[in-house]
Amino acid sequence: MLAVGIILCYLLGLSLMYAVGRKYSLAELVGYSFLIGMGLETFFLFFLDIAGVKYSQGVLIGLNVFSIVAICGANYKNLLTLKEDFKAPDFSLKNINLVAVFLFCLIAYLFYAITVKNLFWPPTEHDTIGSFDKLGRIMAAEGKLKISLYQYNLEGAGGLYPPLYHGSFAYVYIFGAEMPKIITTLFFVSLLTTFYSAVKNFTGTTAAMFGTFILMLTPELFSHAALSLGNLPTTAYVSAAALATITWLEKRDAKYFWLGAIAMAFVIWIRSDTIVFTAAALLLVALDFFKTKDWKNTIIYGAIAVTPFILWNLYLKLKIGAAQAGKFDLGIGYNTERMGVVTAYVKTFLFGGQHGAVDGGQLYGLVFILFFILFVVNLILIYKVGVKEILSDSVNTLLFFFVSFALYFAVFYFIDVKVQNAPIASLMESSFKRGMFCFAPIAVFYTFTSYASALALAKLENFRLGK
């Protein structure tokens, strides 16, 4: 039955994708259909709890089938013409992109290796045993979101998180999974495929495959592909939402508007502190509004992206009775000691080196170093090529990266260590470190789509058997 649950999840996401657009690449279909489908499945769990309906395989199968049929029925005219979008590829041996094929083989092998490791070991991480896996198991057993653990304050820190991640655990447990780590693998493949498709929209196959390879090999991120923690799934949603939104702003293809808005809704449905990415995306959309005066899209995007945050906070307050307490100390002002600690760790994460128990190079490799190298190179090229040519396809990416990072920095600078019951150095070495995952796809996206990298990769793109 687990296979049935996963197939329904994909079909649900796929049906919504075709309701909002057409002519998707295979990578987009694989990645976005799961991310959207699983997000919707956890919304089902949320509203079933509100309605007082207990979870079961029968209920979820019925709800999925009804939703898929309803969406496809409303969109049947477009679906009837889909065959026009699928054409057999024009295959020729001499046109094989040797570099892209080689990189794909490396990615496929590494994905296989980390997946075997992931599926072999049961959940052992402290956070998942004490919270996420525990929540998912008991949600599946009791058939509701507000489980009995809340009566005894045993829900763990994840009990106050929005329900997408532990809800995905509950979903596969309901369908008979012995352990939930297939979810990690599906989120990982969704991260890689949506990232590849986004880069491919701006460059060639070689650059997209090379960028995906670099992102995949981000040391700390790659290690989490064998763990049952929420940071990699969060990264998958942030990457998919941000890059779809940026693609829409640059290409003006309506389907990316909807993919970006829907995925951004799930960004805040998996963790509340991801509000920094929602804020950055809303800023981009607001700036676009001043150019286009398109108030309709601006309102729709904002409403879709923010509604889950409101829903979850209302649920916490009205049903759980545990509204999130104030976690920030805004009265700290400018504190030299706090600023020094946070800044030192940020430098280590971004540029490598050692600080405290952190080795930035071992955590993130070349991801952020390459980003800043390309950023400087492109700034230098402005004097030769011009501002418009250099920034034409990069300004939204850079704005999203720097605005969201500044907000993320502020979250940890102003965090109340007493409420967290942990010193700031400990928070930087754990929470901040893992939160940096979300910036890696944006950094690599810029690295491989900027003007300078396009020039550097042009020859590789044309390296084929027939050349």
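Arg252 is placed over the face of Trp248, 4.9 Å from the ring centre. Lys255 is likewise over the face of Tyr24, at 5.8 Å from the ring centre. A charge sits over a ring if NZ of Lys or CZ of Arg is within 6 Å of the ring centre and within 35 degrees of the ring normal. The model is predicted: local features need pLDDT of at least 70, side-chain atom pairs count only at pLDDT 80 or more, and totals for chains, interfaces and linings use all residues. Residues are numbered from 1 along each chain as its sequence is written, and side-chain values use heavy atoms, with hydrogens and water left out.

Arg252 also has a backbone feature: its phi is positive, about 60°, although Arg252 is not a glycine. Arg252 belongs to the loop between α11 (231-251) and α12; helices are DSSP runs (H or I, at least four residues), numbered from the N terminus. With 41% relative accessibility, Arg252 is partly exposed. Here, buried means under 20% relative accessible area, exposed over 50%, and partly exposed in between (1.4 Å probe, protein chains only). Asn153 has a positive phi of about 55° and is not a glycine either. Asn153 is found in the loop between α6 (126-142) and α7 (164-174), and Asn153 is exposed, at a relative accessible area of 64%. Most residues other than glycine have a negative phi.

Aromatic rings are considered next. The whole structure contains 52 aromatic pairs. Rings of Phe, Tyr and Trp (its six-membered ring) pair if their centres lie within 6.5 Å; planes under 30 degrees apart count as stacked, over 60 as edge-to-face and the rest as tilted. The rings of Trp269 and Trp312 have centres 6.3 Å apart and planes at 85°, so this pair is edge-to-face. Trp269 lies in helix α12 (residues 254-270) and Trp312 in helix α14 (residues 295-320), so the pair ties together parts 43 residues apart in sequence. Trp269 and Trp312 are both buried. The rings of Tyr408 and Phe432 have centres 4.7 Å apart and planes at 40°, so this pair is tilted. Tyr408 is buried, with a relative accessible area of 6%, and Phe432 is buried at 0%.

Of the 26 residues of α2, 21 are buried. Gly52, with a positive phi near 80°, follows α2.

| Largest pocket | about 1,300 Å³ | 43 residues | α21, six residues |

On a 1 Å grid over the protein atoms alone, a pocket is an open set of points where a 1.4 Å probe fits, with protein on both sides within 12 Å along at least five of seven lines; lining residues have an atom within 4 Å of a point. A volume is the space filled by probe spheres set on the points, which are joined across faces, edges and corners. Among the residues closest to the centre of the largest pocket are Tyr161 and Arg271.

Terms used:
Helix = DSSP H or I, 4+ residues; strand = E, 2+ residues; numbered from the N terminus.
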